[in-house]
Amino acid sequence: VGNRCIFMGRPILSEAVGSTIIIGDSVTFVSNSFDTALGVRQPCILRTLRKGAILKIGNNTAVSGLVVCSESYVSVGESCLLGANVTIFDTDFHLIHSLNRIRDDHQLANVKPVCIGNNVFIGTDSIVCKGVTIGSNSVIGAGSVVTKSFPDNSIIGGNPAVLLGTVNLSSYS
């Protein structure tokens with residue numbers, strides 16, 4: 001855990017033996033509904049699921065009720081804002097062809113890394129699925145289900161999420 005991190009309420013951290021959770025400097029975690037306008041349905045949950053898994057959250061990022069599960073690699077960049085109840089995962093959790101989903105071996109499920117760039121805003125209740133890369137300076141609309149990757153400066157929304165436009169950074173100069 002980096003320096004100057006702020007914890008509003010208690011997050012849940014669950015680190016598998018031999019895995020790594022890295023939290024940068026000045027990261028804010030809101031796990032208490034009184035500390036954010038929309039409230040949160042749960043505390044922030046950061047979880048690695050097996051040996052070798054990595055979960056990284058970059059400097060100056062703020063999250064509310066975030067749930068992240070990493071079976072291999074999930075990275076959230078610097079200066080990101082993740083709205084209430086965003087969920088990010090790099091695994092299917094269960095086998096697609098299983099005859100016994102309750103008892104199947106999640107470690108055999110399909111796993112692909114997730115990479116969120118710098119200065120990304122993800123709206124409330126969005127879900128970012130395995131194998132997705134979101135380019136820096138992108139915006140994801142509330143309630144989106146992101147199942148594919150998007151380049152820098154993308155405006156993304158929907159279920160499944162599609163490219164709605166681009167962020168024009170020159171208008172902020």
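**Close-up views of a predicted model**

**View 1. Cysteine 69 and cysteine 80 in the predicted model.** Cysteine 69 has a relative accessible area of 11% and is therefore buried, since buried means under 20%. Cysteine 80, at a relative accessible area of 3%, is buried as well. The structure is a predicted model. Its count of disulfides is zero.

**View 2. The protein chain as a whole.** The secondary structure of the protein chain consists of 19 strands and zero helices. The chain has 173 residues, and buried residues make up 43% of them. Its accessible surface is about 8,700 Å², with 55% belonging to carbon and sulfur atoms. Of the contacts with a separation of 6 or more, 35% are between residues 24 or more positions apart.

View 3. Parallel pairing joins five strands into an open sheet, in the order 3-6-9-12-15. Strand 3 (20-23) and strand 15 (133-134) are the edge strands, and each pairs on one side only. Strand 3 pairs with strand 6 (residues 54-57) over four bridges, in the parallel sense. Within this part of the sheet, isoleucine 21 stands opposite leucine 55 of strand 6.

View 4. Another open sheet has eight strands in the order 1-4-7-10-13-16-18-19, and its pairing is mixed. At the edges are strand 1 (6-8) and strand 19 (161-166); each has a single partner strand, so one side of each has no neighbour in the sheet. In general, the strands of a sheet pair through backbone hydrogen bonds, either parallel or antiparallel. Strand 1 and strand 4 (residues 28-30) are paired in the parallel sense, over three bridges. Isoleucine 6 has threonine 28, in strand 4, as its bridge partner.

**View 5. The aromatic pair of phenylalanine 7 and phenylalanine 29.** One aromatic pair is found in a search of the whole structure. The ring centres of phenylalanine 7 and phenylalanine 29 are 5.2 Å apart and the planes are at 5 degrees, so the pair counts as stacked; the cut-off for stacked is planes under 30 degrees apart. The pair links distant parts of the chain, with phenylalanine 7 in strand 1 and phenylalanine 29 in strand 4, 22 residues apart. Phenylalanine 7 is partly exposed, with a relative accessibility of 37%. Phenylalanine 29 is buried, with a relative accessibility of 1%.

How values were computed
Residues are numbered from 1 along each chain as its sequence is written. This is a predicted model: local features need pLDDT of at least 70, side-chain atom pairs count only at pLDDT 80 or more; totals for chains, interfaces and linings use all residues. Side-chain values use heavy atoms; hydrogens and water are left out. Two strands pair if DSSP finds at least two bridges between them. Helices (H or I, at least four residues) and strands (E, at least two) are DSSP runs, numbered from the N terminus. A disulfide is a pair of cysteine sulfur atoms within 2.5 Å. Buried means under 20% relative accessible area, exposed over 50%, partly exposed in between (1.4 Å probe, protein chains only). Contact means heavy atoms within 4.5 Å. Accessible areas come from the Shrake-Rupley method with a 1.4 Å probe; for residues, only the protein chains shown count as cover. Rings of Phe, Tyr and Trp (its six-membered ring) pair if their centres lie within 6.5 Å; planes under 30 degrees apart count as stacked, over 60 as edge-to-face and the rest as tilted.
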